[in-house]
Amino acid sequence: MSKNRVETTWREYWKDNVDAIKYDVKGADLSSLIFEETLNNLLHKPLDRQSVIECGSGSGRISALVAGKAKDTMLLDIVEPVVAKCKRLFKEYNLKGKFIVGDILNMPIKNNMFDLVWNSGVLEHFIGSERQTALENMKRVCVPGGLMLIFTPSRKALFYRFGKWVMEKRGCWPYGDEYPVDTLYGECKKAGLVLRKEYQKGFIHQESYLRGGLMLDKISFINALVMLFSLRIIQPLLLRLRWLDEILTRVFGGYLLVSVISKPSDATK
Ligand SMILES: C[S@@+](CC[C@H](N)C(=O)[O-])C[C@H]1O[C@@H](n2cnc3c(N)ncnc32)[C@H](O)[C@@H]1O
């Protein structure tokens with residue numbers, strides 16, 4: 001999808017959804033837990049000595065968790081109202097953050113500024129040279145030797161892909177074109193980045209897509225049962241029994257592909 005189409009899709013999306021953004025400052029949702037667990041396993045220096053930027057920050061709900069712990073937290077998004085909403089929520093929750101309206105393909109930020117550059121649910125909207133440009137811009141603002149973390153929907157996530165396919169056919173897929181990712185190995189190599197590891201996470205993340213795919217929103221009684229079963233029983237269970245989520249992820253695929261990337265310490269830009 002071209003940059004303009006991505007931008008238009010998200011402007012429309014946030015028009016309807018910006019008011020509903022809320023933060024769970026305890027970070028109980030699975031994305032936050034995955035982010036936190038990934039970080040805990042990776043950081044070579046404490047978070048309170050790191051400057052962090054989320055490029056394509058949307059609701060900013062994970063950055064809100066980082067904000068209390070990192071040295072600096074910056075949120076960048078191309079849609080002004082969502083950036084403004086994050087700013088208000090940060091203030092409300094007494095969190096420190098910097099906010100910038102900008103384009104990931106041409107970020108108004110100097111080179112080598114952040115120890116950790118990350119995003120979730122952004123790169124899959126771009127393909128080909130635009131995905132490459134987004135990655136190279138993330139590299140540019142990362143310090144040499146710094147870390148880049150990218151979360152994208154995995155091509156191996158069967159339930160998510162089934163749900164997406166059905167919703168696209170029914171014309172009710174709200175996120176525009178989205179290209180699930182197999183690996184970012186080729187893009188990293190081309191950009192002079194080191195893909196340190198890449199793995200899938202979050203089997204249970206596929207639950208809402210599966211419900212969409214099975215059109216359970218149309219059949220309210222069954223929907224209620226599935227909601228009760230999956231959200232009230234399976235989700236809390238998998239949040240506790242992470243090993244079970246890992247086994248299911250191995251068998252059926254996890255929603256997220258986690259790409260852990262380093263910018264070489266001798267990189268010039
Ligand atoms: C799936 S959302 C991100 C979700 C976010 N991780 C969250 O938890 O809310 C993708 C975000 O990327 C933003 N975006 C799309 N194109 C962009 C661009 N060219 N530059 C910066 N942000 C962009 C959208 O406005 C949207 O907020």
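## Legends to the close-up views

**View A. After helix α6 comes G171, a residue with a positive phi, near 75°.** The model shown in this and every other view is predicted. Helix α6 covers residues 158-170, which makes 13 residues. From its first C-alpha to its last, α6 reaches 18 Å, close to the 18 Å expected at 1.5 Å a residue. Which residues of α6 are buried? They are F159, Y160, G163 and K164. Seen down the axis of α6, these buried residues fall within an arc of 130°, so they line one face of the helix.

**View B. Helix α4 has a buried face and, turned away from it, a face that carries exposed residues.** The 13 residues of α4 are residues 80-92. The helix reaches 18 Å between its first and last C-alpha, close to the 18 Å expected at 1.5 Å a residue. Buried in α4 are V82, V83, K85, C86 and F90. Viewed along the axis of α4, the buried residues lie within an arc of 160°, and they therefore line one face of the helix. The face turned away from this buried side carries E80, R88, K91 and E92, which are exposed. Against which elements do the buried residues of α4 pack? Their partners are the helices α1 and α3 together with the strands β2 (72-77) and β3 (98-101). N94, which follows α4, has a positive phi, near 60°.

**View C. In helix α1, the buried residues are V6, W10 and W14.** They cover an arc of only 55° around the axis, which puts them on the same side of α1. On the other side of α1, the exposed residues are N4, R5, K15 and D16. The helix has 15 residues, and its first and last C-alpha atoms lie 21 Å apart, close to the 21 Å expected at 1.5 Å a residue. Helix α4 is included in what covers the buried residues of α1.

**View E. Strands β1 and β2 pair in the parallel sense.** Five bridges connect β1 with β2. As an example, S51 has D72 in β2 as its bridge partner. Strand β1 comprises residues 51-55, of which four of the five are buried, so the strand is largely enclosed by the rest of the structure. Strand β2 is also among the elements against which the buried residues of α4 pack.

**View F. Strands β4 and β5 run parallel and are joined by six bridges.** Strand β4 consists of residues 114-120, and strand β5 of residues 142-153. Within this pair, W118 stands opposite L149 in β5. How many of the twelve residues of β5 are buried? The number is nine, and the strand is accordingly described as mostly covered.

**View G. L105 is found in the loop between β3 and β4.** Leaving aside residues up to four places away in sequence, L105 touches K3, E130, T133, A134 and N137. N137 is 32 residues from L105 along the chain, yet 6.3 Å separates their C-alpha atoms.

**View H. The protein as a whole has ten helices and seven strands.** The protein has 269 residues, and 38% of them are buried. Among contacts between residues at least 6 apart in sequence, 77% join residues at least 24 apart.

Key: Residues are numbered from 1 along each chain as its sequence is written. This is a predicted model: local features need pLDDT of at least 70, side-chain atom pairs count only at pLDDT 80 or more; totals for chains, interfaces and linings use all residues. Helices (H or I, at least four residues) and strands (E, at least two) are DSSP runs, numbered from the N terminus. The expected span of a helix is 1.5 Å times one less than its number of residues. A residue is buried if 20 or more other C-beta atoms lie within 10 Å of its own, exposed if 12 or fewer, and partly exposed in between; C-beta atoms are placed from the backbone. The arc is that of the directions from the helix axis to the C-beta atoms. Two residues are in contact if their C-beta atoms, placed from the backbone, lie within 7 Å. Two strands pair if DSSP finds at least two bridges between them.
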